[in-house]
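Subject: Handing over the structure

Dear colleague,

I am passing this structure on to you, and below it I have set out what was found in it. Please read the notes with the sequence and the model open beside them.

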Amino acid sequence: MALSLYVDTARWRAHQKSVIDQFPGLVPVCKGNGYGFGHERLSEETTRFESDILAVGTIYEAARIKDWFSGDLLVLTPFRRGEEPVPLPDRVIRSVSSVDGVFALVGARVVVECMSSMKRHGVREEELNQLHAAIEDVRLEGFALHLPLDRTDGSDAVEEVIGWMDRLRAARLPLHTMFVSHLRAEELARLQRQFPQTRFRARIGTRLWLGDHDATEYRGAVLDVTRVVKGDRFGYRQQKTASEGWLVVVAGGTSHGVGLEAPKALHGVMPRAKGVARAGLATVNRNLSPFVWSGKQRWFAEPPHMQVSILFVPADAQEPKVGDELVAHLRHTTTQFDRLVDR
């Protein structure tokens with residue numbers, strides 16, 4: 001019995017096609033845990049819809065994925081002089097965010113990242129004139145801009161890209177290809193109309209693989225159910241049950257990513273109030289699990305174990321049975337499933 005990821009394959013692929021149709025020349029992204037599907041599965045999907053390129057996060061991911069995908073591999077993490085050498089085929093393209101990095105990659109295929117309003121990494125405007133000599137000894141595949149998701153200052157994403165196009169053109173640098181991230185389809189089309197000689201390629205991961213939430217579902221199988229009354233002791237720490245009900249052992253623990261949560265940016269009074277309430281409950285060992293039973297998200301009886309979680313289901317709910325599956329609201333990018341089921 002397992003923590004399973006169920007995929008409505010026809011619906012999932014229909015969503016992929018809708019995104020691909022909106023973004024001509026799309027560069028699919030497969031990084032981290034493969035957005036919950038795994039590197040091999042996303043490599044197969046990318047081959048199926050005949051993309052010529054797949055973006056990966058690191059050189060180590062490229063070294064694994066090269067055996068599953070035969071097209072070009074774009075490494076998104078920028079090259080740094082002195083990094084650990086990893087044997088990679090010539091079809092691997094390196095992102096570079098410094099002039100020094102370009103100089104160090106003689107003969108390589110490179111994409112030069114420009115410093116966007118993300119302020120994460122990239123070549124700055126004042127360094128552009130130094131790029132002329134640097135790009136003579138590499139095979140330049142284009143420039144790239146990684147843009148922010150939210151623009152709380154009211155700025156315009158397209159205008160930011162246009163600004164960089166103007167700077168690159170003023171520096172007399174080749175503008176045959178621009179890789180971009182986090183643009184809407186209409187924004188990409190607007191750029192393509194304004195710069196018809198440049199090919200704009202959107203790097204997309206989350207929207208492509210996870211944009212249709214109803215196409216996938218995690219479920220954890222019930223492994224054991226134990227009836228308890230108020231005051232019964234249980235678990236590693238021998239805590240007491242607060243009331244009558246069932247202790248339910250369900251597949252899915254910390255090794256799967258259950259109980260792990262990435263920090264969230266909270267906006268507004270209500271989300272912040274809920275965050276404070278959750279933190280307060282956690283101080284008295286009340287933590288809501290991602291598992292749903294009888295229409296309600298159930299509480300952890302104690303912190304999740306490595307491969308299973310123990311939940312408390314109160315007596316006024318339906319009794320779970322061994323073999324039942326509980327829907328689990330889990331984040332794809334932090335979850336490792338035991339099995340993937342196409343349906």
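To begin with a definition, rings of Phe, Tyr and Trp (its six-membered ring) are taken as a pair if their centres lie within 6.5 Å, and planes under 30 degrees apart count as stacked, over 60 as edge-to-face and the rest as tilted. By this rule there are 4 aromatic pairs. One of them is formed by Trp12 and Phe37, which are stacked, at 4.5 Å centre to centre and with 25° between the planes. This pair links distant parts of the chain, with Trp12 in helix α1 (residues 9-22) and Phe37, 25 residues apart from it, in the loop between β2 (27-30) and α2 (39-48). Trp12 also forms an aromatic pair with Trp209, and this one is tilted, with 6.1 Å centre to centre and 45° between the planes. Here too distant parts of the chain are linked, since Trp209 lies in helix α8 (residues 206-210) and the two residues are 197 apart. Trp12 and Phe37 are buried, and Trp209 is buried as well, where buried means under 20% relative accessible area, exposed over 50%, and partly exposed in between (1.4 Å probe, protein chains only). Ring pairs join Trp12, Phe37, Phe49 and Trp209 into a cluster.

Before going further, please keep in mind that this is a predicted model, in which local features need pLDDT of at least 70 and side-chain atom pairs count only at pLDDT 80 or more, while totals for chains, interfaces and linings use all residues. Residues are numbered from 1 along each chain as its sequence is written, and side-chain values use heavy atoms, with hydrogens and water left out.

As for the chain as a whole, the protein chain has 9 helices and 18 strands, helices (H or I, at least four residues) and strands (E, at least two) being DSSP runs numbered from the N terminus. Its C-alpha atoms fill a box of roughly 75 × 45 × 40 Å, taken along the principal axes, and buried residues make up 48% of its 343 residues. If contact is taken as heavy atoms within 4.5 Å, then among contacts between residues at least 6 apart in sequence, 67% join residues at least 24 apart.

Helix α2 has His39, Arg41, Leu42, Ser43, Glu45 and Thr46 as its buried residues, and what covers them includes α1, β2, β3 (53-56), α3 (59-65), α8 and β18 (339-342). Glu44 lies in this helix too, but Glu44 counts as partly exposed because its relative accessibility is 44%. Between Glu44 and Gly231 there are 52 Å in space, C-alpha to C-alpha, and the two are 187 residues apart in sequence.

Some backbone angles deserve a look, given that most residues other than glycine have a negative phi. Tyr35, in the loop between β2 and α2, has a positive phi of about 55° although it is not a glycine, and Tyr35 is buried, with a relative accessible area of 6%. Lys119, in the loop between β6 (109-113) and α5 (131-135), likewise has a positive phi, near 55°, but Lys119 counts as exposed because its relative accessible area is 65%.

Turning to the spaces in the model, a 1 Å grid over the protein atoms alone defines a cavity as a set of points where a 1.4 Å probe fits but cannot get out, and a pocket as an open set with protein on both sides within 12 Å along at least five of seven lines, with lining residues having an atom within 4 Å of a point. The second largest pocket holds about 740 Å³ of space, where grid points are joined across faces, edges and corners and a volume is the space filled by probe spheres set on the points. It is lined by 28 residues, of which His146, Leu149, Ser181, His182 and Arg203 are the closest to its centre.

Arg203 itself lies in strand β9 (residues 199-204) and counts as buried because its relative accessibility is 6%. Its contacts, leaving aside neighbours within four places in sequence, include Glu113, His146 and Ser181.

The structure also holds 1 cavity of 30 Å³ or more, and Glu113 and His146 are among the residues that line the largest cavity.

With best wishes
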